[in-house]
Each structure stands twice: as structure tokens, then as C-alpha cells.
Amino acid sequence: MQRKELGIAVVGSGRIGTLRARLSARHPAVGFLAVSDLDPARAKALAEQTGADFHTGDNVEVIARPEVNAVFVSTPEGEHAPAVRKALELGKPVLVEKPIALTLGDADDILATLKQTGGELRVGYSRRFKECFLRAKEQMNQGRLGRVIGGLARVYNSRAQAFAILKRDPHATPVLDVLTYYVDLLCWFMEGNRPVEVIARGQSGIFKQAGYEAHDVTWAIVTFADGAVVNFGVSYALPTRYPTLGQSDRVELLGAEGTMIIDDDHMDHLLYSERGIPHAYVPDHQVEMAFLGSNTAGDWAVGNFWGPLGNETRAWLDHLATGSPAIHTTPEQARINLETTLAIERAVATGKPIRLPLET
């Protein structure tokens with residue numbers, strides 16, 4: 001197996017960009033690392049932390065560096081499109097954070113550039129790389145459930161994290177920014193079977209009072225092309241000190257020949273500490289009781305980062321360096337995920353069933 005030396009650019013030096021950069025710096029195939037952020041001080045701090053070879057406040061400059069042959073785009077959701085298009089135009093493979101964009105127009109612009117350049121693009125739906133969901137996908141590959149006739153996917157988190165996300169981008173609602181993970185998972189489990197209709201309801205109050213349009217809780221019934229019906233739900237409005245450090249979720253698949261239930265609420269590992277337990281996503285927030293393992297990206301432990309985002313990042317770098325298969329979400333599926341979550345929000349707003357694909 002031939003190995004390729006990698007020159008990696010990480011665009012965006014926030015929480016996820018920092019993890020991507022730190023993991024890239026540790027990968028044996030990475031010989032050059034560059035980081036950028038629109039805040040040059042943040043890029044400089046990340047470069048010092050990771051030993052990066054180059055840092056800048058100019059995203060285009062870091063992508064265009066001749067030593068760079070692959071790019072992570074870890075900017076806020078609404079800023080994905082320019083960086084992704086630039087990297088593709090320069091012939092550099094891209095892994096962009098989910099969702100691919102916040103509008104179908106931006107998503108279509110990215111897909112058009114991808115078609116024009118013949119480049120390589122995948123989208124970072126890291127839940128695919130959590131062990132319980134990898135095991136579940138293997139059972140689906142083995143056909144042990146038969147035809148899926150229905151299912152459920154719901155996710156909870158505290159409003160402490162929701163406010164941090166909304167402050168970063170008011171358009172990154174719990175539906176567009178979080179429920180999208182579970183739309184992706186169910187579409188992956190039922191590969192080739194796409195959503196065709198959405199009915200949804202939402203309840204607002206907590207976030208609206210704070211000046212945001214996001215709903216406190218949203219429930220949707222999504223019908224797939226073969227008639228399977230899946231219930232999707234999200235609430236990121238649990239009390240501020242609720243013990244989760246990220247996503248607490250449950251996924252159920254009901255098949256004609258089997259059933260699979262994935263309990264991912266993390267109540268099996270509790271920690272109580274009067275010293276306080278820091279929240280990985282909200283630096284100034286801590287709790288006294290925590291569901292360990294609920295941090296969505298994963299956790300630092302004994303000198304390394306373990307969990308979905310670590311698995312996903314290393315798998316992508318392995319793919320780039322050796323050509324090993326990639327199970328990362330395709331941009332075409334990412335657009336379906338975006339379209340479905342937009343349809344959920346539209347169904348809530350109108351109170352009417354919404355057919356897919358959406359008219360654009």
C-alpha cells in the first residue's frame with residue numbers, strides 16, 4: 001500500500017478546528033500543518049498549541065499554500081461555502097463540518113463546484129464513527145432486521161450548549177445543527193431510501209424569549225420512499241445544569257425480521273464532583289453531576305482523544321494517505337440531510353405536511 005505525505009490546512013480555529021488540528025499534528029502521515037482563522041490571534045494560539053508550520057488570519061491564503069494538499073473546513077456553518085469552493089477549485093480534497101451549509105443555495109453552489117472540478121468532498125457527520133452506531137450499521141449491512149418499517153431517533157441536551165451554538169450562528173437551530181446527525185444516521189442505516197414527506201410540530205418559549213427563533217422542542221414524523229415511518233425529535237432546552245455534556249440520544253429501528261434499540265443516553269457512567277466538571281463545549285460552564293461519555297465529539301483521556309470525532313478524523317487522514325475506504329457522508333447525502341431538516345422547520349412553521357424534494 002502506497003503512503004502519501006499530507007500537508008493539512010485547518011480552516012477555522014474554534015473548538016472543532018482545534019480538535020482537527022491537534023489530531024492531524026499527531027498523525028504519522030502529516031508532514032505539514034497550517035491553520036487559519038478570521039481572528040489571527042486565535043490562529044496563532046492554535047499554531048503554538050499544535051506546532052503548526054504556518055498560521056494566518058486569511059482563509060484563502062492557508063488553502064492556497066503549496067505545501068497543503070488536503071483541507072478541513074471547520075468554520076461556522078454559514079461560512080462553509082467559500083472555503084470549500086476555494087479548496088475544490090485548487091484540487092484539494094475537503095472534509096467540511098456538518099451541515100454542508102445552512103441554505104440549499106449554498107449547498108448547491110458547493111455541489112456545482114464539485115461537479116466542475118471533479119474533486120473530493122466529504123461532510124463530517126461524526127455520529128457515524130461512534131462505536132454503537134458502527135456496530136448498528138454492520139447489522140444493517142448483514143440484513144439482520146430485514147426491511148425497516150419504522151424507527152425513532154431523539155436527542156436531548158441542555159440549553160447551556162444550545163445558547164453557545166445560537167450565539168455563534170443564530171441560524172444554527174437545534175434542528176439544522178443537531179437533528180441533522182440523526183437524519184444522516186437513519187438515511188445511512190436505510191441506505192438508498194430517502195425521505196419523501198415531513199409532518200412536524202414545535203414548541204417555542206425559552207429561546208424565543210432570549211431573542212432567537214429556535215424551538216425548544218421539535219418532533220417530526222418523516223416518511224421514506226418505501227413507506228417506512230421514522231419519528232425524529234430534538235430538545236436542546238433542558239435545564240442549564242442537566243448532567244449531559246453533549247448529546248444524550250436514543251435510536252430505534254423496527255424491521256420486518258428484527259428490532260434494534262441503541263440506548264446512547266450515557267446514564268451508565270455517572271460522575272459527581274463538588275469540585276465541578278467542566279463542559280467541553282461551553283468553557284465557562286460546569287456541572288456537579290455529569291453523564292460521562294456524553295461529550296458529542298469524544299474525550300481526552302490518558303494523553304489522546306477518543307470518540308467519534310477522533311475516529312472520524314483519523315479515518316479521513318488514513319483515507320487520504322493510503323486510499324483506504326471512506327464511510328464519511330457524501331455531499332449528495334449531506335444535501336438530503338439539509339433538505340430534510342429544512343422541511344422539518346417548514347412543517348413546524350406552516351403546520352402542514354411538506355413533500356420532498358423541496359422546491360427551490
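This is a predicted model: local features need pLDDT of at least 70, side-chain atom pairs count only at pLDDT 80 or more; totals for chains, interfaces and linings use all residues.
Biologist: Why is His80 called buried?
Modeller: Buried means under 20% relative accessible area. His80 has 1% relative accessibility, and therefore counts as buried. His80 is found in helix H4, residues 80-89.

Biologist: What makes the pair of His80 and Glu97 a polar contact?
Modeller: The pair of N or O atoms must lie within 3.5 Å. A polar atom of the His80 side chain lies 3.5 Å from the backbone oxygen of Glu97, so the distance meets that cut-off.

Biologist: Which residues is His80 in contact with, leaving aside neighbours within four places in sequence?
Modeller: They are Val73, Thr75, Val96, Glu97, Lys98, Pro99, Ile100 and Ala101. Contact here means heavy atoms within 4.5 Å.

Biologist: What lines the largest pocket, where about 1000 Å³ of space lies?
Modeller: The lining has 41 residues, and the closest to the centre are Gly14, Arg15, Ile16, Arg168 and Tyr281. Helices H1, H7, H8 and H10 each give two or more residues to this lining. Helix H7 provides the largest share, six residues.

Biologist: How is the lining of the largest pocket divided by class?
Modeller: It has 15 nonpolar, 13 polar and 13 charged residues. Gly14, one of the residues closest to the centre, is classed as polar because Gly is placed in that group.

Biologist: Which residues lie nearest the centre of the second largest pocket?
Modeller: Lys130, Glu131, Asp264, His266 and Gly293 do, among 17 lining residues. This pocket has a volume of about 320 Å³, and its lining has five nonpolar, five polar and seven charged residues.

How values were computed
Residues are numbered from 1 along each chain as its sequence is written. Side-chain values use heavy atoms; hydrogens and water are left out. On a 1 Å grid over the protein atoms alone, a cavity is a set of points where a 1.4 Å probe fits but cannot get out, and a pocket is an open set with protein on both sides within 12 Å along at least five of seven lines; lining residues have an atom within 4 Å of a point. Helices (H or I, at least four residues) and strands (E, at least two) are DSSP runs, numbered from the N terminus. Grid points are joined across faces, edges and corners, and a volume is the space filled by probe spheres set on the points. Buried means under 20% relative accessible area, exposed over 50%, partly exposed in between (1.4 Å probe, protein chains only). A polar contact is a pair of N or O atoms within 3.5 Å; within protein, one must be able to donate a hydrogen and the other to accept it, and residues adjacent in sequence count only if both atoms are side-chain atoms.
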